Amino acid sequence: MKRLVSIPFFLFALLCLWNSVADFWAAYRMRVVPVTVIASKLKIDWGIPESESQEEPLYTLSVDLKADDGSGRTFSWQGDPGRAVYPEEALDEFALWQPGRKQTIGILRGNAREIRLDQMESNPEVGKGIAWLFGFFVSGITALATVAGGSIDTERRPRLAFLNGLGAWTVFFAFGLMPLLGSVAFGWWTIQKINTWQPVVAQRVGEQMPFDTSKPIPNVEITNKALKGLAENPYNRIEFEWKGQTLHGGIGPLRGTYDLGALAAEDKYHFMSSPTDRWEITQRLSWQDDFALPFGVLLFFGVVFTGASLLIRRAEKSFSLSNGIRRKF
């Protein structure tokens with residue numbers, strides 16, 4: 001009976017693995033197309049975003065694009081302007097999508113209407129692939145644990161006799177495999193991060209004050225609720241250079257990206273930034289705290305569980321062999 005219970009978990013694990021591979025493959029095969037912005041607008045509203053519990057500005061950037069590959073195709077996209085929280089941050093992103101600007105977009109092969117703007121959003125296919133992969137490991141471990149808890153009558157079902165080899169050791173091995181694989185992925189990603197991220201020095205600009213809504217901004221709509229919310233939340237502004245651009249950020253009650261990552265030293269703020277994504281920042285990076293410690297923990301648990309699985313497997317074989325000898329004599 002326990003073996004039968006494991007079947008749905010095995011099937012779901014296979015489904016998760018299939019979907020994960022499909023999503024990663026779609027992201028890998030995504031086609032890059034050069035485009036020209038033909039129209040854009042920004043709406044500033046006020047409310048509670050899905051990931052927060054307090055009200056803050058809600059931005060919606062809408063862009064119309066035309067392909068520069070000779071096809072003449074047009075595209076429309078609507079979404080968040082990156083991870084902007086303060087108006088200056090959203091206006092930075094809006095400026096990159098003014099009519100006439102050249103950009104690149106990603107198009108899913110087999111679905112030309114599905115476009116991806118890496119500058120604005122994380123690749124959904126990669127995120128879904130990681131989630132499906134996690135589901136594969138969880139379901140797989142559950143199935144193995146269920147199989148390990150039962151036994152097979154080899155005389156009645158000889159074709160399933162191989163399942164008797166899946167004892168408790170398989171559960172330990174699966175638990176060890178996750179941190180081992182995680183340590184490899186984490187190590188590769190963190191080494192790239194430490195070697196490529198650059199130090200940034202941001203300068204505080206002006207005094208703490210609310211966003212100035214008295215001057216209209218072309219193609220920017222600010223709702224009445226946003227006008228009231230912005231007026232009630234003064235904040236500091238920072239300015240910094242990033243990839244040849246002068247960018248802006250806010251530090252104040254709305255808890256934006258630079259609230260979390262900036263270290264104040266008088267009127268200057270120091271942090272490390274990704275060379276490809278302005279929103280990826282951290283206070284500092286070190287080989288010891290950011291690489292050696294978490295990598296060592298993952299590797300330790302991976303080695304401990306996989307090592308324990310091998311010891312358990314050896315003990316199970318010895319026990320089976322001794323039982324077989326006793327039955328023979």
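Me: What lies over the face of Trp197?
Reply: That's Lys193, at 4.6 Å from the ring centre. Keep in mind that this is a predicted model.

Me: OK, and which charged end sits over the ring of Tyr235?
Reply: The one from Arg237, and it is 3.9 Å from the centre of the Tyr235 ring.

Me: New topic: Thr36. Where does it lie?
Reply: Thr36 is part of strand E1, which covers residues 31-47.

Me: Is Thr36 buried or exposed?
Reply: Buried, because its relative accessibility is 14% and the cut-off for buried is under 20%.

Me: What does the Thr36 side chain make a polar contact with?
Reply: With the side chain of Asp68, at 2.8 Å. If you skip neighbours within four places in sequence, Thr36 also touches other residues, including Asp64, Leu65, Gly100 and Arg101.

Me: Zooming out, how many helices and strands does the protein have?
Reply: Seven helices and 12 strands.

Me: And how much of the protein is buried?
Reply: Buried residues account for 36% of the 329 residues. As for the accessible surface, it comes to about 19400 Å², and 60% of that belongs to carbon and sulfur atoms.

Me: Last one: of the contacts between residues at least 6 apart in sequence, what share joins residues at least 24 apart?
Reply: That share is 68%.

Notes: Residues numbered from 1 in each chain as written. Predicted model: local features only at pLDDT ≥ 70, side-chain atom pairs only at ≥ 80, totals over all residues. Heavy atoms only, no water. Lys NZ or Arg CZ within 6 Å of the ring centre and 35° of its normal. Helix = DSSP H or I, 4+ residues; strand = E, 2+ residues; numbered from the N terminus. Buried < 20%, exposed > 50% of the residue type's maximum accessible area, 1.4 Å probe, protein only. Contact = heavy atoms within 4.5 Å. Areas by Shrake-Rupley, 256 points an atom, 1.4 Å probe, with all protein chains shown as cover. Polar contact = N/O pair within 3.5 Å; in protein donor to acceptor, adjacent residues only side chain to side chain.
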